[in-house]
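User: I would like to learn how to read a protein model. Please take me through it one feature at a time.

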Amino acid sequence: MNLIERLVNIVYPPKCIFCGKMVDISSMVHICGNCFEKLPFTEDTFTTVSEEKGKCYCDGAVCVFRYTGIVKEALKRFKFHAKPCYYRTFARLMAIKLLRLADIRKYDIVIAVPLYRSREHERGYNQSQLISKAISRELKIPDGSGIVRRVKDTKAQSLLDKHNRLLNVRGAFSVKSPERIKGKSVLLVDDILTTGSTLEECGKILKQAGADRVTAIVVATGRNY
């Protein structure tokens, strides 16, 4: 923990992101002991992004939690109820898992799945970008958020079935500076993996723009193991 983080924790004493209980100001992650024991961690393995057979644009995904219980409720608050500060804890846990699973030197750049401009303005932040920038700092990998842009105002994926999720994000993204990702290994950041439609569409345009590999990292997966 750096000096700025310590000062912030002194001025604004940290609370557990799951239950709101005060935690020690030196805590690297804002989770109390009781909640930590309840966390639905996934197994330490890579998984596929797409559930469809055939060509996959993303080369794999790393998920920290299953999307259930206190994690599910915290992610809803993070996205929809003005709790941007949760990103610090989520990003730190994601970075820890990446360090445990893989050689982080193989990643050249970190990129967040973007929100459409009006939706980001309405929410006040892009939750995936907050996480992406924090992972960049944690792992000392350049952050390239902004390279991928959302050019279509899509419907919320959570409101759609599997087939319509695929159609909803088709053509929704573009790459602004392809020269920055050509031949690079990209770490693609999002909050939740369900059908994988959004991540696969981002992976597709990144590969078409010249990226060598695209690996997704998410807070939680909604799939059953």
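**Reading the core, sheet and helices**

Analyst: The largest nonpolar core holds 38 residues, and those with the most contacts inside it are Phe18, Phe65, Phe90 and Ile131. This is a predicted model, in which local features need pLDDT of at least 70 and side-chain atom pairs count only at pLDDT 80 or more, while totals for chains, interfaces and linings use all residues. Residues are numbered from 1 along each chain as its sequence is written, and side-chain values use heavy atoms, with hydrogens and water left out.

User: What is a nonpolar core, and which elements give two or more residues to this one?

Analyst: In soluble globular proteins, nonpolar side chains tend to be buried together. A nonpolar core is a set of buried Ala, Val, Leu, Ile, Met, Phe, Trp, Tyr and Cys residues joined through side-chain atoms within 4.5 Å. Buried means under 20% relative accessible area, exposed over 50%, and partly exposed in between (1.4 Å probe, protein chains only). Here the elements giving two or more residues are strand E1 (61-66), helix H3 (69-80), helix H4 (87-101), helix H6 (127-139), strand E5 (185-193) and strand E6 (213-221). H4 supplies the largest share, seven residues. Helices (H or I, at least four residues) and strands (E, at least two) are DSSP runs, numbered from the N terminus.

User: Which residues does Phe90 touch?

Analyst: Contact means heavy atoms within 4.5 Å. Leaving out residues up to four places away in sequence, Phe90 touches Ile17, Phe65, Ala74, Leu75, Phe78, Ile131 and Val219. Apart from this core lies another, of 25 residues, including Ile147 and Leu199.

User: In what order do the strands of the sheet lie?

Analyst: Strands of a sheet pair through backbone hydrogen bonds, either parallel or antiparallel. Two strands pair if DSSP finds at least two bridges between them. In this model four strands form an open sheet, ordered E1-E6-E5-E2, with parallel pairing. E1 and strand E2 (109-112) are the edge strands, each pairing on one side only. E2 and E5 are joined by four bridges; Ile111 has Leu188 in E5 as its bridge partner.

User: Which strands does H6 touch, and which does helix H8 lie across?

Analyst: Axes are lines fitted to C-alpha atoms, for helices over the stretch in contact, and angles run from 0 to 180 degrees between N-to-C directions. H6 packs on the sheet and touches E2, E5 and E6, its direction making about 135° with that of E5. Helix H8 (residues 197-208) lies across E2, E5 and E6, at about 165° to E5.

User: Why do the buried residues of H3 line one face of the helix?

Analyst: The arc is that of the directions from the helix axis to the C-beta atoms. The buried residues of H3 are Val71, Ala74, Leu75, Phe78 and Lys79. Down the axis of H3 they fall within an arc of 130°, so they line one face. Their cover includes E1, H4, helix H5 (117-123), H6, E5 and E6.
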